[in-house]
Amino acid sequence: MRVNYDSEALPAVDAIELFLKENKIRRFSYKKKSFINYKVPSTKCNNELLMDCLAKLFKELPFETTIFNNTVVIREKKIKAISQITPQDQSLPVDTLKSESFAGKETKIEEITLNAGYYKVTERNSTGSISKVKAKDIENQPVTNVLSSLQGRMSGVNITQNSGIPGGGFTIQIRGQNSLRTSMNSSIDGNLPLYVVDGVPLSEITAENTQIGATVMPSGKINPLNSINPGDIESIEVLKDADATAIYGSRGANGVILITTKKGKSGRLSVRLTTNYGISEAISNLKLLNKDQYLNMRRTAYLNDGVVNYPATAYDLNGAWGNNEIDWEKTLIGNKATYSNTQLSLSGGSETTSFLVSLGHNEQTTPFGQGYKYLSNTFNSNLSHRSKDNRFQLSLSNMFTNQKNNVVRTDITGSSYTLPPVSPLLYNEDGSLNWAGNTFNNPLAAFNATYSNDTKLFQTNINADYKLYSDMKFKINAGLNYTAINELSLLPNTVNNPSLASGASSATSQSRKKDQDIFSFIIEPQLNWSKNWGNHKIDFLIGGSFQRNVRNTDEITGIGFESNQFITNVSAAKTIRMGDQSSIEYRYAALFGRLNYQYKNRYILNVTGRRDGSSRFGPNNRFANFGALGAAWIFTKENFLKDSKWLSFGKIRGSYGSTGSDNIGDFQFLDNYNVSSTLIYNGITGLLPARLFNPNYSWEKTRKFETAIELGFLDNRITTNLAYYRNRSSNQLVGYQLSAVTGFPSVTANLDATVQNTGLEFEINARPVSTKNFNWETNLNITFPKNKLLSFPGLAGSPYASQYSIGSSTQIVKLYQLEGINPQTGLYQFTDFNGDGKISSPDDRQVIEDLQIKFFGGINNSIRYKNWDLYFLFQFVKKKNYNQNSIMPLPGTMVNQPVEVLDVWSAENPNGTYMPYSASKNLLNHNLFKGSTAAVSDASFVRLKNLEFGYNIPMSSSPFKSAKIYFQGQNLITWTKFFGVDPEAIISGFLPPLRTYSFGLQLNF
């Protein structure tokens, strides 16, 4: 365990109490009367080993320290041996240390406290599956969204960064895809987890609510955690199984992410300043043809087509564009982006009151250049107070964030890989864009169109509890969240050739604006009763949750302006079209409870339950019940293993229960109508029916089962966790096909389709070396997930028949079987499954490729030698994905290609991959190739995700407590055989994640 201490000279008793309190040490033993006549000199410890810091405190005093039975013992020198210490000498509250030290060697102890949302539980006594990441693992990464720092650190938690655009979204799945509704086939992703920050839920800004940014941010996603400064986070817990999530009822099916922000610490004022600066660049695994290779491909294509005289439109060959060569990847996305982050925090307080104030500023540019920038300013504060008798405790937290993001309106990454390397000069002599006599669509014109969003978030949370009796406590958690999102998409006429009608004047310019205000509040009163008697311990919790959320939306589009100077003012447009003008209210209420029983601290039973009501469901199914049962057996407490020297901890646990999902959008069960601006009769605007009423609209339910074994070896220097889980999600909300006479193709309804997710999770943590000057910690986590569609009534006759197959995963794709190239025709040849003499879909699209991840995980290492620190994390993923062939234009046309197309079929190269080049022919055959087995390949990768190398500067006599300089890197190296830009990407054509190098300084004073 590492500890901190900084104080002027104090009486020994006061110094001990300050040390124990500041480092939250709750198992200790010392006799106050032995220290009455002594004083501890001024002492400072910063992130030092527990025993090393205690040695400093008592260096000149006749006392010694040791560890006995997970208890810190401080005693006079030359007294009775540890084995003679009696229980009367010790104070042993329930909680214990997080780590201890024997003979200078630090070892991990079982008692890590986990935040389970409505209650806390030690890792030793936990019956559920909860993964935790602490601040130290978050702070050593140069990221703006904390989800980036979680990649590869947690078993069962798969996180994918959607693009390298600052402020963009993430796709996160906790133990697989439960719902058939994803961001790819629905405006509302049914697989989103619940985010809770200091007890207040956050809302995902889904594609349904932010569509105007979808051309630069995949699916238009804006992740809510962009609003939280990673440096303000104390810890993140991810709840995975039924035992952990059932208490969240209808919102726990996809897992729960609990974020705890930093709180103040009592003691003298502490100031911390952290600043770093970095350079980022786009990473790519794709190598393109150079000018000579490209021109040879083009000439060969016309030769194969039998064309002798190049057509007038072949500007790259007929001399119209000259002989200019441009590296489009470097020109469009090859700029160096900058990253800077500064954070200042102040903390301190008295014995009963503590405070923390934190200010943060972050700036990040993009590889597009052009002055695009992402800015974020954060303010975080916390005030905590407790009465002297510890009966009353109060904590008040506030968070304010302002984000401003300005980027190109449409991501041009795809263009950087397809534009021909032969092109005219980009600028005329007067500095204007060169359109080369209307023969060239200048890609730099895309930079004239912009997308911006200004997001403000204010959140406040109050948490208070009062001990009514010694074993009964009343607690209330309340909070409110206000989020304002202002989006503006500008498409001026200058993105087009001025010789064309669309680019001639600002009369064709467009501006689209969308403003959203989201206000929510939550109140959760709770009553907790706990009782110990003999070998029995019982803990009972009952509470309620009441939440209200109001979203106001105002969307407007303007077309045609007198001048582009007015384009940011939509009301100045000649034509105004009103979009979404709505005010939507969401109400939620719940009763929940928990009963935990322990016998002899080795047999543990945990029961949780919740009854939920949500305004999102039809009147016939507005309420539902959820619950779970968890149990654990700590078998190392049994007599036959109690004195084991090699096995220090062993626990078997299991759980089963049900959770739900109300992440389905608001008012989806009602008759819905769209206002039509074109259907007007006698001056009355018409309404178009859009959705049918469904009073039985209900919850998607997930039943979860898990069993696991946890082991600790050699005084817990090595710990392992092996878990098996099985989740079955039913009552799927999908489009139920209707007869055409109804006027609707389908109605959204609960179908008895079942999706199953199973998997194995394995974690191992070890401390191979732990001495005074050298310490090495390492951990590995790996997950083997498996997804399967168990049932789907009527699948064969539904629109989903081409997308799913019973018995296969929900991430399959159906492809044509590529057999190779026919030597007689030189064309691709495919399997004709139905034998009708032609290749067509869906009859011949029968080959199933599974894109689900086979396994994923990470290897993390932490090494300290004297004042030097080294941290590095490798992330690895085994999977298949769509490759470059799936989006490749016909080789031989006027677009650039990857160098792989040089492997072209010919009589001299009969094993060539690609059919002979063509400038215009054989397009249909090539399109079949793009949808064939050639379009999917191995996308596995190993990535050096994060590295930090730092030096702690000795501060023996200075105003600083400590100082550290460091280097950090993100996405440094990727090893992969993937044929494409980035193996991680879910959707192609967007900016890949950035490689970042940064240097920083941290000062504490």
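How many bridges join strand E29 to E30, and do the two run parallel or antiparallel? Select residues 603-614, which form strand E29, together with E30, and you will find 11 bridges between two strands that run antiparallel. Here strands (E, at least two residues) and helices (H or I, at least four residues) are DSSP runs, numbered from the N terminus, and two strands pair if DSSP finds at least two bridges between them.

Before going further, note that this is a predicted model, in which local features need pLDDT of at least 70, side-chain atom pairs count only at pLDDT 80 or more, and totals for chains, interfaces and linings use all residues. Residues are numbered from 1 along each chain as its sequence is written, and side-chain values use heavy atoms, with hydrogens and water left out.

**Strand E30 and its partners**

Stay with E30 and select Val-607, whose bridge partner in E30 is Leu-629. On to strand E31 (residues 647-661), which is joined to E30 by 7 bridges and runs antiparallel to it; in E31, Ile-652 stands opposite Trp-633. Buried means under 20% relative accessible area, exposed means over 50%, and partly exposed lies in between (1.4 Å probe, protein chains only).

**Helix H1**

Next select helix H1 (residues 12-22), where the buried residues are Ala-12, Val-13, Ala-15, Ile-16, Phe-19, Leu-20 and Glu-22. These buried residues pack against several elements, among them strand E1 (2-7), helix H2 (50-57) and strand E7 (71-76), where contact means heavy atoms within 4.5 Å. After H1 comes Lys-24, whose phi is positive, near 55 degrees.

**The largest nonpolar core**

A nonpolar core is a set of buried Ala, Val, Leu, Ile, Met, Phe, Trp, Tyr and Cys residues joined through side-chain atoms within 4.5 Å. Select Leu-332, Phe-368 and Phe-447, which touch the most other members of the largest nonpolar core, a set of 57 residues. Several elements each supply at least two residues of this core, including helix H7 (328-333) and strand E23 (392-408), while H6 gives the most, with 5 residues. If you centre the view on Phe-368, the residues that it touches, not counting those up to four places away in sequence, include Ile-165, Asn-335, Asp-411 and Leu-991.

Move to the peptide bond from Ser-841 to Pro-842, which is cis, with omega near 10 degrees; Pro-842 lies in the loop between E42 and strand E43 (847-850). Most residues other than glycine have a negative phi, and most peptide bonds are trans. Ala-436, in the loop between helix H8 (413-416) and strand E24 (450-469), has a positive phi of about 50 degrees although it is not a glycine, and this residue counts as buried because its relative accessibility is 18%. Leu-714, in the loop between strand E34 (700-713) and strand E35 (718-730), also has a positive phi, of about 55 degrees, but Leu-714 counts as partly exposed because its relative accessibility is 46%.
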